[in-house]
Amino acid sequence: MNLPINKIKNGGGERVKEKTTRPKSKHNHRPPIDLKAARIPVPFYAYLSADLAISSVSTHSIIKYDVVDLNLGNGYDASSGQFTAPSDGLYVIHITTLTGARDSSHAVVELISNGVIKDITWAHSMNHPDRAVATTVDLRKGDKVNARIGTAKGGAVLESTTHIRCSFSGFKVQ
């Protein structure tokens, strides 16, 4: 006779081993992570859900990437378009910019850290419609980083569709 796994032989008798179960989450979310203890590199990735009309944004406007695909540590805020460093360290920040080929669209996009230009990308649909820049920045806890429209812009759109994306991402290196 085979005994069920949850029964254990004990001398001449049997006793039932108690089972312990975890309560199931209602929302199927991961539990909060202590990023400092876990040494997680706080990655984030966000992109524009649709084309951004260049004429609708003024010079030095922060680009608000509205689709947040990854945001461990909640450093990126889609409502402001800013990443806030959750801890001191070196971070790699990446911007991808694409312009529409319809009408010679063009735009300078600047990577800004605490109000200071750290890098610049230029996309122009006639010569180089897509551009990407990855920059290493030394940040302190609470420092802010964002992408903004630079001084040169024109044409119809920064393109972001189901086939190509304007995006903003980053992660902590150390």
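User: Before we start, what should I keep in mind about the model?

Analyst: It is predicted, so local features need pLDDT of at least 70 and side-chain atom pairs count only at pLDDT 80 or more, while totals for chains, interfaces and linings use all residues. Residues are numbered from 1 along each chain as its sequence is written, and side-chain values use heavy atoms, with hydrogens and water left out.

User: How many helices and strands does the chain have?

Analyst: Helices (H or I, at least four residues) and strands (E, at least two) are DSSP runs, numbered from the N terminus. Here there are 1 helix and 14 strands.

User: Which residues touch the most other members of the largest nonpolar core?

Analyst: In soluble globular proteins, nonpolar side chains tend to be buried together. A nonpolar core is a set of buried Ala, Val, Leu, Ile, Met, Phe, Trp, Tyr and Cys residues joined through side-chain atoms within 4.5 Å. Buried means under 20% relative accessible area, exposed over 50%, and partly exposed in between (1.4 Å probe, protein chains only). In this chain the largest such core has 28 residues, and Tyr65, Ile93 and Phe168 touch the most other members. Strand β8 (89-98) is among the elements giving two or more residues, and β8 gives the most, with 4.

User: What does Tyr65 touch?

Analyst: Contact means heavy atoms within 4.5 Å. Leaving out residues up to four places away in sequence, the partners of Tyr65 include Tyr47, Ile95, Cys166 and Phe168.

User: Is Glu110 buried or exposed?

Analyst: Glu110, in strand β9, counts as buried because its relative accessibility is 5%. Its side chain makes a polar contact with the side chain of Arg148 at 2.5 Å. A polar contact is a pair of N or O atoms within 3.5 Å; within protein, one must be able to donate a hydrogen and the other to accept it, and residues adjacent in sequence count only if both atoms are side-chain atoms.

User: And where is Ser169?

Analyst: Ser169 lies in strand β14 and is buried, with a relative accessible area of 13%. Ser169 and Phe44 are 125 residues apart in sequence, yet 5.3 Å apart in space, C-alpha to C-alpha. Ser169 also touches Val92, Ile93 and His94, among others.
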